Amino acid sequence: MTTATRQEVLGLYRSIFRLARKWQATSGQMEDTIKEKQYILNEARTLFRKNKNLTDTDLIKQCIDECTARIEIGLHYKIPYPRPVSVTPVNKCWVLTLINLVISKNV
């Protein structure tokens, strides 16, 4: 990892902890705020520790981009959790049909 990349990763790590310190749940409830702050901190620690031994520069860049995107999405939508992948109505119908086929064959 280059020095510039290392500084970028450490900067992201610090910004996540600053974000967690200032985080307020949209519900306004203190319990929700505490849970969401803990989630942010635990998720950051887990993912950074998991990826600390990466040496592939493309993979490191991909992780940095994902981290930056999650920070921006969290700030924009006011949720600390990753957004679920949306399913279009066409795909949803196809998935439901597939599930029904599997269930009917197992019964």
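Me: What distance does helix 3 reach from its first C-alpha to its last?
Reply: Helix 3 has 21 residues, and its expected reach at 1.5 Å a residue is 30 Å. Helices here are DSSP runs of H or I with at least four residues, numbered from the N terminus, and the expected span is 1.5 Å times one less than the number of residues. The reach in the model is close to that expectation, at 30 Å.

Me: What kind of model is this, and which pLDDT do local features need?
Reply: Residues are numbered from 1 along each chain as its sequence is written, and side-chain values use heavy atoms, without hydrogens or water. The model is predicted; side-chain atom pairs count only at pLDDT 80 or more, totals for chains, interfaces and linings use all residues, and local features need pLDDT of at least 70.

Me: Which residues of helix 3 are buried, and on how wide an arc do they lie?
Reply: Buried means under 20% relative accessible area, exposed over 50%, and partly exposed in between (1.4 Å probe, protein chains only). The buried residues of helix 3 are Ile60, Ile64, Cys67, Ile71 and Gly74. They sit on the same side of helix 3 because their arc, taken from the directions from the helix axis to the C-beta atoms, is only 100°.

Me: Which exposed residues does helix 3 carry on the face turned away from its buried side?
Reply: What covers the buried residues of helix 3 includes helix 1 and helix 2, with contact meaning heavy atoms within 4.5 Å. The face turned away carries Asp58, Glu72 and His76.

Me: Why do the buried residues of helix 1 line one face?
Reply: Helix 1 covers residues 3-22, and its buried residues are Thr5, Val9, Leu12, Ile16, Leu19 and Ala20. Seen down the axis, these residues line one face because they fall within an arc of 100°.

Me: Which residues are exposed on the other side of helix 1?
Reply: Helix 2 (30-50) and helix 3 (57-77) are included in what covers the buried residues of helix 1. On the other side, the exposed residues are Thr3, Ala4, Arg21 and Lys22.

Me: Which element has the lowest mean pLDDT?
Reply: pLDDT is the predictor's confidence in each residue, from 0 to 100, and the chain has a mean of 84. Helix 2 has the highest mean of the elements, 95, and the lowest, 58, belongs to helix 4.

Methods:
Helix = DSSP H or I, 4+ residues; strand = E, 2+ residues; numbered from the N terminus.
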